[in-house]
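Here are some notes for a colleague on the packing and strand pairing of this model. They are set out as numbered points, to be read beside the coordinates.

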Amino acid sequence: MHFSKLKTTLFALTKLIMTMSFLLLFFGCEQVQVKESANHVEEDSHVVSIATPISKEPVLGFSQLGSESEWRIANSSSIKNSAIESDVKLIFQNAEQSQEKQIEAIREFVKQKVDVIAIAPVVETGWDYILKEVKQAGIPVIIIDRLVDVTDPSLYVTHIGSDFYEEGRKAGKYLLDKLPKSNKPIGIVELKGTEGSTPSIARGKGFRDVISSRSDLQFLKSENADFTVAKGKEVMKKFLKEKGRDIRVLYSHNDDMTFGALEAIEEYGLVPGKDIVVITVDGTRKALEKMNEGKINLVVECNPLLGPNLIQAVKEVLKGSTLPKRIVTPENVFTQVTAEKEIASRSY
Ligand code: GZL
């Protein structure tokens, strides 16, 4: 009897040990599987801890208005390079100067749940609705370069860009100094930027507010030429056809329109910088080179290198810092005296 009881007990014990070792083996193996499948691990013999997933880099959705000018190309490069140099992932959308495409791009950013949205708005109006959608999605918005005209300023965190009104005032002050008061009218023609854009509106107003004190300074023609070389040439040709030698001053809202206008003036048989005083805004290297050739009299700088400020603002916003509503970029003016030494240092 004893022996058979012993045998039964031994058998049960063996079964128990086998079950235990199977269980031990199974769970031990699982841990090994967990080890292998883990993203990353710090392990010791008793415990396997899986490292936290790689921290997600912030994603910035940027709606760029276009690639219409040298200034815009430099602006886009500055923003792309600053994103590359930081840990911000940039989704860049070029709207080719279409507000509709900008709105589509912004809607797409919301779907992609980006962390921050930046917009260089082609014109000032028409943004309330889409910015309310973005606000409802809880995504902060930074306005860069031009401004939006919205009923609720809380729809964006901050505006980083130039003081376009001051740029216009600088152009006007130069003209007051350059041309002494005359008892005959001094005819001015103006090539304006994209209709309804902040630089076009503000550069026009700043210039007019300064020269309004001189009754001899009179606008002969003023027309939008969309910040492009081709349109600038086309409109200047039309001005020359209609007003010819009555034109004594060209005030152009950007360098690209000026380059087109210079061609039109020379083809007409006049000497830009002498027969016609030429004032331009932006400050590209090419404009300084033309000024050095005597074809442009004043270049008002508009700084396109907004990338570092934008990326810094993105980081501050994500840290929960409070940003000023307005961040203005520093700018100069260049005359024929200063042009040559400036050319070498121009990065665009
Ligand atoms: C100004 C910018 C303007 C430039 C043009 O900040 O929006 O648009 O003056 C550019 O060259 O096309």
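**Core packing and strand pairing**

1. In this predicted model, L310 touches L60, I79, A118, I142, I144 and I160, where residues up to four places away in sequence are not counted.

2. A second, separate core holds 27 residues, and M257, L262, V278 and L288 are among them.

3. Turning to the largest nonpolar core, which has 41 residues, the members that touch the most other members are L60, I142, L175, I279 and L310. Helix 10, spanning residues 307-319, supplies the largest share of this core, namely 5 residues. Because domain 1 (59-162 + 305-330) and domain 2 (164-302) both give residues to this core, it lies between them.

4. Which way do the residues of strand 7 point, and are they buried or exposed? Along strand 7 (residues 158-161), T158 and I160 point one way while H159 and G161 point the other way, and all of these residues are buried.

5. Strand 7 has pairing partners that can be described in turn. With strand 6 (residues 141-144) it pairs in the parallel sense over 3 bridges, and within this pairing H159 of strand 7 is the bridge partner of I143. With strand 13 (residues 326-328), strand 7 likewise pairs in the parallel sense over 3 bridges, and here H159 stands opposite R326 of strand 13.

Conventions:
Residues are numbered from 1 along each chain as its sequence is written. This is a predicted model: local features need pLDDT of at least 70, side-chain atom pairs count only at pLDDT 80 or more; totals for chains, interfaces and linings use all residues. Side-chain values use heavy atoms; hydrogens and water are left out. A nonpolar core is a set of buried Ala, Val, Leu, Ile, Met, Phe, Trp, Tyr and Cys residues joined through side-chain atoms within 4.5 Å. Buried means under 20% relative accessible area, exposed over 50%, partly exposed in between (1.4 Å probe, protein chains only). Helices (H or I, at least four residues) and strands (E, at least two) are DSSP runs, numbered from the N terminus. Domain bounds come from an automatic or database domain assignment. Contact means heavy atoms within 4.5 Å. Two strands pair if DSSP finds at least two bridges between them.
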